[in-house]
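Please look over the sequence and the 3D structure before reading on.

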Amino acid sequence: MTIKYKVLGLVLCLMLAASLSQAAGKFEQLYVYKDKGFRFNHYAASGFMPDGKCVAINDRWTDNCGDSRSCIQAKYDRDCSATGDGWSGVFWLDPANNWGDLKGGINLTGATKLVFMARGEKGGEVVTFKMGGVGYGGKPHPDSDDASSGPLTLTKDWKEYSIDLTGKDLSHIIGGFAWVGTAKENQSNITFYIRDIYYS
């Protein structure tokens, strides 16, 4: 009986420690994408904006992915979007295809930044990266906040970027990651690559 109670006491202590850690705002790294098939990836690249006609992604790309086994090849068809809305992009959502109609989402409270690696195929590609903001404008379960990198001009070499999340309400985030290209900022079709997308 004594051993049983000691084990129970240890379990209760561990539960209390975990609770205090969460209350203190500590956050363990959470991946949106590390490698294709990585068991701890979160969110699904399912939000093709505005209608999916002018973008394409291949999340199994293996050529020149730096230290990763695979990376994401992303294509923005500027010619296509220039005759329409003038922009296109892709959102990683939870669950897939959820634009705020379902509760879904992940509590990212405690995270201080969204980190990712990116490079352009030629260099000079202009892309905006963001998180959150899904469901604004009347959906029943909108994201609790949003943040953006602003337009970034990519180089041919891999470079690490981050989006500051200090002070953001991250309690309910459906839109874990997104990229957007615009016809105004790009004078031709662009191809670029992304890897190691995570919250920390």
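This is a predicted model: local features need pLDDT of at least 70, side-chain atom pairs count only at pLDDT 80 or more; totals for chains, interfaces and linings use all residues.

Residues are numbered from 1 along each chain as its sequence is written, and side-chain values use heavy atoms, with hydrogens and water left out.

**Cores**

A nonpolar core is a set of buried Ala, Val, Leu, Ile, Met, Phe, Trp, Tyr and Cys residues joined through side-chain atoms within 4.5 Å. Buried means under 20% relative accessible area, with a 1.4 Å probe and protein chains only. In soluble globular proteins, nonpolar side chains tend to be buried together.

The largest core has 35 residues. Phe116, Phe129 and Trp179 touch the most other members. A second, separate core has seven residues, including Met49, Phe91, Leu93 and Ala178.

**Ser68**

Ser68 sits in the loop between strand 3 (55–61) and strand 4 (71–76). Is Ser68 buried or exposed? Ser68 counts as buried because its relative accessibility is 13%.

Contact means heavy atoms within 4.5 Å. The table leaves aside neighbours within four places in sequence.

| Residue | Partners in contact |
|---|---|
| Ser68 | Lys34, Asp35, Arg195, Asp196 |
| Phe116 | among them Phe129, Leu152, Ile194, Arg195, Asp196 |

A polar contact (N or O atoms within 3.5 Å, one able to donate a hydrogen and the other to accept it) of 3.4 Å joins the side chains of Ser68 and Asp196.

Note on methods: Buried means under 20% relative accessible area, exposed over 50%, partly exposed in between (1.4 Å probe, protein chains only). Helices (H or I, at least four residues) and strands (E, at least two) are DSSP runs, numbered from the N terminus.
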